[in-house]
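This briefing is meant to be read alongside the sequence and the coordinates. Please keep both in view while going through the points below.

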Amino acid sequence: MVKLTIVMPCYNEGTRIYKNLIETVTQVERFCDSFRILAVNDGSSDETEAEIKRASLQDKRIGVISYPDNKGKGYAVRRGMLAAKSEYVAFLDADLELPPHMLDGFLKKAEGLSEDDENQYDIVIGSKMHKDSQVEYPFVRKILSAGYFTFIKMLFGLKVKDTQTGIKLFRTEKIRPVLELMRSGGFTFDIEMLAIANKMGLTITEMPVIVNFSRNKSDKSKISIKSIFVMARDTFKVKIHVSKLNLSILSENTPSSLRRG
C-alpha cells in the first residue's frame with residue numbers, strides 16, 4: 001500500500017501548476033519513498049487540466065481527477081481524499097504558500113515519532129496561530145483569522161486554534177467515515193470535517209506552519225462585508241448539520257473503533 005496520498009485542489013492554476021506539482025514531488029520524495037500526488041481540477045476554465053497531465057507524464061506519481069464544472073475547494077478535496085488508497089492522506093493548497101516538506105513533520109506527529117510527543121493522532125492540522133509558526137501575510141487576514149477562531153470556538157468547542165489553514169493530514173481509514181457524512185463543498189469544508197471528526201472521537205493535534213504569502217501585495221483583498229456575512233451564515237448551517245448527527249446516526253456510519261464510549 002502507498003503510504004501517503006497528497007490531494008491538491010486546483011482552480012485556474014494553469015500558469016503555475018506544472019511547476020508546483022514537480023516541486024512538490026521534489027520535496028516529498030526527500031522524506032517519503034511511497035507517495036502519490038492527486039491533483040483535482042475543479043472545473044478550471046484555463047489550461048490547468050492540460051498542465052496537470054503534462055506533469056503526470058513527467059512523473060507517474062502524479063495523478064489527475066478532472067470534471068467540467070467548478071464545485072468549490074471543499075468538493076475537490078473531498079473527491080480526491082475519497083479516491084485515496086493509502087495509509088495516510090493529506091491535502092495541500094496548489095499555490096504552495098505552505099511548503100510541501102512540512103508534511104514530513106505531520107507524518108511523524110501522526111505516527112507518534114515526533115521528538116516531543118510519542119502519542120499517535122488521527123488528524124494533524126497546520127495552524128497559523130501556533131506559537132512556532134512563521135507567518136507572513138496581510139494584517140487584515142490575521143485579524144479576520146483571529147475573529148473566525150473565536151466564532152468557531154463558541155459554536156463548536158473545538159480545542160484547535162486554526163481550522164482553515166490549507167495543509168492537513170489524516171489516517172485514511174479514520175477520515176473516510178467523516179467524509180461520507182459531509183455536505184459542504186465550499187470554504188466551510190474544513191470546519192465541518194473537524195467538527196464531525198471531533199464528535200466521532202478522533203484525535204486531533206496542531207502543527208506550526210511556514211506561510212509564504214504568494215499574491216502581490218498590491219492585489220485588492222477579495223474579502224468584503226458581504227463575504228463575511230456569507231461565511232457566518234454558512235458556518236451556522238454546518239453547526240445545524242453537525243448537531244443533527246447524533247450518536248445513533250454515527251453508529252450506523254462509523255466503525256466501532258471510532259465511536260465515543
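Two strands are said to pair if DSSP finds at least two bridges between them. In this predicted model, strand E2 (residues 35–42) and strand E3 (residues 62–67) run parallel and are joined by 6 bridges. The chain that contains them has 9 helices and 9 strands.

**The buried side of H2**
- In helix H2, the buried residues are Thr-48, Glu-51, Ile-52, Ala-55 and Ser-56.
- These residues lie on the same side of H2 because they cover an arc of only 145° around the axis.

**The chain as a whole**
- Of the 261 residues in the chain, 49% are buried, that is, under 20% relative accessible area.
- Where contacts in the chain link residues at least 6 apart in sequence, 81% of them join residues at least 24 apart.
- The chain has an accessible surface of about 13,400 Å², and carbon and sulfur atoms account for 51% of that surface.

Conventions: Residues numbered from 1 in each chain as written. Predicted model: local features only at pLDDT ≥ 70, side-chain atom pairs only at ≥ 80, totals over all residues. Heavy atoms only, no water. Helix = DSSP H or I, 4+ residues; strand = E, 2+ residues; numbered from the N terminus. Buried < 20%, exposed > 50% of the residue type's maximum accessible area, 1.4 Å probe, protein only. Contact = heavy atoms within 4.5 Å. Areas by Shrake-Rupley, 256 points an atom, 1.4 Å probe, with all protein chains shown as cover. Arc of directions from axis to C-beta.
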